[in-house]
Amino acid sequence: MNKKVVIIGGGISGLITGIYLQKNGYITEVLEKNAISGGACIGWERKGCYIDGCLHWLVGTNPSSAFYQLWKETKVLDDDTEIFHQDDYAVFKLDSGKTITIWGDKEKLRQELTAFAPEDKKNIDKFIKLIKRFESIEGPIDRPKDLMGLGQLLKIAFTMAGAYRLVNKYSKISCAEYFKRFKNPELRECLTSFMAPSYNFMSLLYMLSRVTNKNGGIPIGGSLELSKRVQNYYLELGGKIRNNAIVESVDIKGDTATGVILQSGEIIPADWVVSTTAVEHCLKDLLGGKYPVKEIDLRLSDMDKNPIYTFTTAVFKCDADLSCMPLSTHVNIDPPIAFDTEYTHLTVRNYSYDKTLKTTEGSTVVQVSVRGNDHMYFWWKDKKVAGSYKQEKQKFGQTILDILQDKFPELNGKLSVIDVITPCTYERYLNSRHGSFQGFVRSTKSKTLPGNSVIKGLKNFVLSGQCVFQGGGMPPAGCMGRFSAQRICKKDKKKFVY
Ligand SMILES: Cc1cc2nc3c(=O)[nH]c(=O)nc-3n(C[C@H](O)[C@H](O)[C@H](O)COP(=O)(O)OP(=O)(O)OC[C@H]3O[C@@H](n4cnc5c(N)ncnc54)[C@H](O)[C@@H]3O)c2cc1C
């Protein structure tokens, strides 16, 4: 008789776990607390417009990448999925009236930066060289490290030693520290502020190298469509999804997971339980804090060393075709926006690149984000407690509207706020830590999480989802899905098929 696996969470990780387990002959059921699957990879509609809630880029859109294979196996990308590769990846609109474009082409980028700051030619050349070097750096995702044999580990150590050294070196340096060597103050300021606060320089190199290598495109159709594709494939393989199913706890008998208990009181028995929820929610709530995991508990106890990344975003309907505007524009703001601290940068993202996304006739959706960490969440949480949350959201929407009209006078009278998203939105929707929608940030102080899913002392349970990997994002979510299925097959002495 086939074994049953209950998967907590119907995000990308949960659905991918289900896909691989179905392929390996298990009976699986995904339990998702929300009315639809997809988790953080979703989109929704307001005032006739589709708001994409996730993908700004997807690592693994280049067929040479191992992630591409993973996405094809799970229908994250299918044969018909079109990929948009942004030519002008980001544009900085400077106070001086000048602009700096971060091109998706290395040579064009070099020329742009050198023309802007000839005094920094040497530094720019070195920066471009590093981006090029990072294009070929990709960790092995064939299986989790603890399931690799000695031979495979030695091969990795031998072939990737140089890459690991570089990753290690630039993980310890912040963008501010690296770009200190640039003489041009405007260029220095732009490159320093490119990543969200706390991210290390390695993360910037990783991101830009995926873009320049055409390995970080955007699937046309949007995040919701992507999740639906994966969900439909899982269902086609015979999987079962229960939406509006809130898991209250893991049912444990004698240190063995034997199923889950829903908030409704229903017990769902299983031979294996996989949790893909945010890791803090899983350890503290679903497992009741009874099974400590040292590497994760250490991170949870020190949020300054191990921050999370979140946004406050205002979404607008713009009654204009913005096809000639860059995909992503970075602007400085003065006076700054004050939440927990003063924020001096905004990112304006326009969705005209994807004509398949629903909008009202002749309009475009624009999302404007301020990027923060745990402290931004606490600021919004306080407003919730004080009862002024709704007012503050409206105030934020209006403030951003005023800024947009000032910075982009051509949009005057064409913009209306259709939604405001805060870290509390993500906390409510995903049960995530401090409103995070990814894992722990790759900061200069954090050590890489090993991505180990085994909890000592608890049998037939797999700790999964993006948060078990440093950084998080779709690739870790996908990998953890595959890895979870591989672990279960290995324990059950089954040959893993895909
Ligand atoms: C604004 C935004 C932009 C992003 N941009 C990118 C990007 O450009 N590139 C990229 O790679 N990634 C991006 N991400 C991150 C990406 O969406 C996530 O990495 C990925 O979707 C995580 O998948 P997951 O399955 O691991 O976790 P989740 O999507 O969080 O799935 C966990 C699921 O568990 C459910 N759940 C929680 N508690 C319970 C419970 N008690 N009972 C039942 N169900 C429960 C949740 O509802 C959720 O559906 C972005 C996310 C957001 C929000």
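Let's start at the ligand: the shell of residues around it is made up of 15 nonpolar, 18 polar and two charged residues. Keep in mind that this is a predicted model. Of the 35 residues around the ligand, the ones that come nearest are Gly 9, Gly 11, Ser 13, Gly 39 and Met 474. Two elements give two or more residues to this shell, helix H1 (12-23) and helix H15 (474-491). H1 provides the largest share, with three residues.

Now step back to the whole chain. You'll find 15 helices and 19 strands in it. With a radius of gyration of 23 Å, close to the 23 Å that the globule rule gives for 498 residues, the chain is as compact as a globular protein of that length. Its C-alpha trace spans about 70 × 55 × 45 Å along the principal axes. As for what sits inside, 48% of the 498 residues count as buried. Look at contacts between residues at least 6 apart in sequence, and 70% of them join residues at least 24 apart.

The largest nonpolar core holds 102 residues, and Val 5, Leu 204 and Val 273 have the most contacts inside it. Helix H8 (residues 201-212) gives this core its largest share, eight residues. Both domain 1 (4-40 + 61-78 + 223-304 + 443-491) and domain 2 (96-213) supply at least three residues each to this core.

Technical notes
Residues are numbered from 1 along each chain as its sequence is written. This is a predicted model: local features need pLDDT of at least 70, side-chain atom pairs count only at pLDDT 80 or more; totals for chains, interfaces and linings use all residues. A residue is near a molecule or strand if its C-beta atom, placed from the backbone, lies within 6 Å of it. Helices (H or I, at least four residues) and strands (E, at least two) are DSSP runs, numbered from the N terminus. Ala, Val, Leu, Ile, Met, Phe, Trp, Tyr, Cys and Pro count as nonpolar, Asp, Glu, Lys and Arg as charged, and the others, Gly among them, as polar. The radius of gyration is taken over C-alpha atoms; the globule rule is 2.2 Å times the number of residues to the power 0.38. A residue is buried if 20 or more other C-beta atoms lie within 10 Å of its own, exposed if 12 or fewer, and partly exposed in between; C-beta atoms are placed from the backbone. Two residues are in contact if their C-beta atoms, placed from the backbone, lie within 7 Å. A nonpolar core is a set of buried Ala, Val, Leu, Ile, Met, Phe, Trp, Tyr and Cys residues joined through C-beta atoms within 7 Å. Domain bounds come from an automatic or database domain assignment.
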